[in-house]
Amino acid sequence: MPPPVVKIRRLSPERKLSRGLFEQLAEQIKSGRLAAGARLPTEEELSRAARVSRTVVREAVAALRADGLVVTRQGVGAFVSAAPQQAPFRIDAERMHNLVEILHVMELRLCVEVESAGLAAERATRPQVRAIGAALEAMDRATAQGRAAVDEDLELHRTIAEGTGNPQFPRFLQFIGRHLIPRYIVSGMPSTMGGQRAYLELLQVEHRRIVAAIRNHDPKGAREAMRRHLTRSLERYRKLAAEQPAAA
């Protein structure tokens, strides 16, 4: 049986080469042109077709493997996985420079974190509530020092997730990662809202409402406060995107 025909275009030098090769191969796998079990061309063949180094080919194949699209067999090669359409859920960090993609993930985060706050209000132990309070105080200190407080903000949300008692909530936040909102957005936001101090103080007002509801074991109030906080954050990012189309 002849091997499947794999059409590889020469890659543009204007973008990351391994990413371009990954996208071409992934599209052919998902469209069915490369069927389950089919063997990918060799490193040498892909390198010659795309006019890239074998290192680039290895990076592209590694990305396909990470997405569950191929499996590799030592000394044999790479093969399309048995169920490529069942690849694990993954957020592509390289696309997070597109503000539309960022807002999509923010909406996903909103859905999860609203429930996270409610469960923390129901379940958080006394040590966990103290950890949430300590994270809030750390953000207060960062604000007073005029720092951006990105790490402190993430830590506060992480401690709330820990307070659910469900390890999947903090794992989800870790999965989304600190790169969800690129630095150019974080740095650009304060200038639209009266400066960094005013912006961070506004965030802290919202954070204090969330933490107060958790301390009071008020699940409904915690959910409402978290929803208000993240919804307003989405509105602020959308406003910034409208005002800074070049950055988006």
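Colleague: Which side chain does a polar contact of 3.0 Å join to that of Glu-115?

Modeller: This is a predicted model, and in it Glu-115 sits within helix α4, which spans residues 99-123. Setting aside residues up to four places away in sequence, Glu-115 touches Phe-169 and Arg-223. The side chain joined to that of Glu-115 by the polar contact of 3.0 Å is that of Arg-223.

Colleague: Does Glu-115 count as buried, partly exposed or exposed, and why?

Modeller: The class follows from relative accessibility, because buried means under 20% and exposed means over 50%, with partly exposed in between. Glu-115 has a relative accessibility of 31%, so Glu-115 counts as partly exposed.

Colleague: How far apart in space are Glu-115 and Arg-227, C-alpha to C-alpha?

Modeller: In sequence, Glu-115 and Arg-227 are separated by 112 residues. In space, the separation of Glu-115 and Arg-227 from C-alpha to C-alpha is 9.1 Å.

Colleague: Phe-169 belongs to helix α7; which residues of α7 are exposed on the other side from its buried ones?

Modeller: In α7, which covers residues 168-176, the buried residues are Phe-169, Pro-170, Phe-172, Leu-173 and Ile-176. Viewed down the helix axis, these buried residues fall within an arc of 155°, and they therefore line one face of α7. On the other side of α7, the exposed residues are Arg-171 and Gln-174.

Colleague: Are α5 and α6 roughly parallel or roughly antiparallel to each other?

Modeller: The contact between them involves, among others, Ile-132, Ala-135 and Met-139 of α5 together with Leu-156, Thr-159 and Ile-160 of α6. The axes of α5 and α6 lie 9 Å apart, and the helices pack at an angle of about 170°. Because angles over 145 degrees count as roughly antiparallel, α5 and α6 are roughly antiparallel.

Conventions:
Residues are numbered from 1 along each chain as its sequence is written. This is a predicted model: local features need pLDDT of at least 70, side-chain atom pairs count only at pLDDT 80 or more; totals for chains, interfaces and linings use all residues. Side-chain values use heavy atoms; hydrogens and water are left out. Buried means under 20% relative accessible area, exposed over 50%, partly exposed in between (1.4 Å probe, protein chains only). Helices (H or I, at least four residues) and strands (E, at least two) are DSSP runs, numbered from the N terminus. The arc is that of the directions from the helix axis to the C-beta atoms. Contact means heavy atoms within 4.5 Å. A polar contact is a pair of N or O atoms within 3.5 Å; within protein, one must be able to donate a hydrogen and the other to accept it, and residues adjacent in sequence count only if both atoms are side-chain atoms. Axes are lines fitted to C-alpha atoms, for helices over the stretch in contact, and angles run from 0 to 180 degrees between N-to-C directions. Angles under 35 degrees count as roughly parallel, over 145 as roughly antiparallel, 65 to 115 as roughly perpendicular and the rest as oblique.
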